[in-house]
Amino acid sequence: MSGQGNVVPIIHWSRSSLCLEEDPELFFPVSFEGPGREQCEQAKAVCNRCPVKRRCLDYALNTQQMYGVWGGTTPDERRALMAVVRRKARAEAGAAARS
């Protein structure tokens, strides 16, 4: 693609992710308890240094990733974040309806 006119080169955020340099299995522990807990913490340490951590988390939330460490979060942490987002959206919708 050219950079002229409305055509923009496609640069996918994941190309800048640090996890590309790691074993993919690090980010998908069998469990988040016991030995898997240490694996999870290692994966999160990679995420915490990653320049695209926020984009990765946004992707995981938008696509409802149910497994693995994405954007420095576990599936349970992402479910909790989504619950907060849903509550906020319901509150905003209720406020808008009352206006």
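What follows is a friendly dialogue on reading the features of a predicted protein model.

Me: What share of the residues is buried, and what does the surface consist of?

Reply: Of the 99 residues in the protein, 27% are buried. The accessible surface is about 7,300 Å², and carbon and sulfur atoms hold 55% of that area. There is also a nonpolar patch on the surface, formed by F28, M66 and Y67, with about 380 Å² of accessible area together. One of these residues, M66, sits in the loop between α2 and α3. M66 counts as exposed because its relative accessibility is 52%, and the cut-off for exposed is over 50%.

Me: How do I judge the length of a helix, say α3?

Reply: Compare its span with the span expected at 1.5 Å a residue. Helix α3 has 24 residues and runs 35 Å from its first C-alpha to its last, close to the expected 34 Å.

Me: Which residues of α3 are buried, and what do they pack against?

Reply: P75, R78 and G94 are the buried residues of α3. The helix that the buried residues of α3 pack against is α2.

Me: How do I read a salt bridge?

Reply: The general idea is that side chains of opposite charge can pair when their charged atoms come close. This structure holds four salt bridges. Among them is the pair R37 and E33, whose closest N and O atoms are 3.1 Å apart. R37 is partly exposed, with a relative accessible area of 44%, whereas E33 is exposed at 52%.

Me: Why might partners within a helix be three or four places apart?

Reply: An α-helix has 3.6 residues a turn, so residues three or four places apart point the same way. Two cases here show that spacing. R54 and D58 both lie in helix α2, four residues apart, about one turn of the helix. Their salt bridge has its closest N and O atoms 3.0 Å apart. R54 is exposed at 55% relative accessible area, and D58 is partly exposed at 29%. The other case is in helix α3, where R79 and D76 are three residues apart, again about one turn. The closest N and O atoms of that salt bridge are 2.4 Å apart. R79 is partly exposed at 45% relative accessibility, while D76 is exposed at 52%.

Me: What does a phi value tell me about Q64?

Reply: Most residues other than glycine have a negative phi, and most peptide bonds are trans. Q64 has a positive phi, near 50 degrees, and is a residue other than glycine. Q64 lies in the loop between α2 and α3, and with 60% relative accessibility it counts as exposed.

Me: How do I see which parts of the chain come together in space?

Reply: Among the contacts with a separation of 6 or more, 41% join residues 24 or more positions apart. For one example, take C47 in helix α1. C47 is buried, with a relative accessible area of 8%. Beyond residues up to four places away in sequence, C47 touches F27, K53, V69, G71 and G72. The C-alpha atoms of C47 and W70 are 7.8 Å apart, although the two residues are 23 residues apart in sequence.

Me: Is T73 buried or exposed, and what does its side chain reach?

Reply: T73 is in the loop between α2 and α3. T73 is buried because its relative accessible area is 9%, and buried means under 20%. The side chain of T73 reaches the backbone oxygen of W70 at 2.7 Å.

Me: Where is S17, and which residues is it in contact with?

Reply: S17 is in the segment before α1 and is buried, at 7% relative accessible area. The side chain of S17 reaches the backbone oxygen of S14 at 2.7 Å. Leaving aside neighbours within four places in sequence, S17 is in contact with C50 and V52.

Terms used
Residues are numbered from 1 along each chain as its sequence is written. This is a predicted model: local features need pLDDT of at least 70, side-chain atom pairs count only at pLDDT 80 or more; totals for chains, interfaces and linings use all residues. Side-chain values use heavy atoms; hydrogens and water are left out. Buried means under 20% relative accessible area, exposed over 50%, partly exposed in between (1.4 Å probe, protein chains only). Contact means heavy atoms within 4.5 Å. Accessible areas come from the Shrake-Rupley method with a 1.4 Å probe; for residues, only the protein chains shown count as cover. Patches are made of residues with over 30% relative accessible area and no salt bridge: like charges are joined within 9 Å, nonpolar side chains (Val, Leu, Ile, Met, Phe, Trp, Tyr) within 5 Å. A salt bridge is a side-chain nitrogen of Lys or Arg within 4 Å of a carboxyl oxygen of Asp or Glu. Helices (H or I, at least four residues) and strands (E, at least two) are DSSP runs, numbered from the N terminus. A polar contact is a pair of N or O atoms within 3.5 Å; within protein, one must be able to donate a hydrogen and the other to accept it, and residues adjacent in sequence count only if both atoms are side-chain atoms. The expected span of a helix is 1.5 Å times one less than its number of residues.
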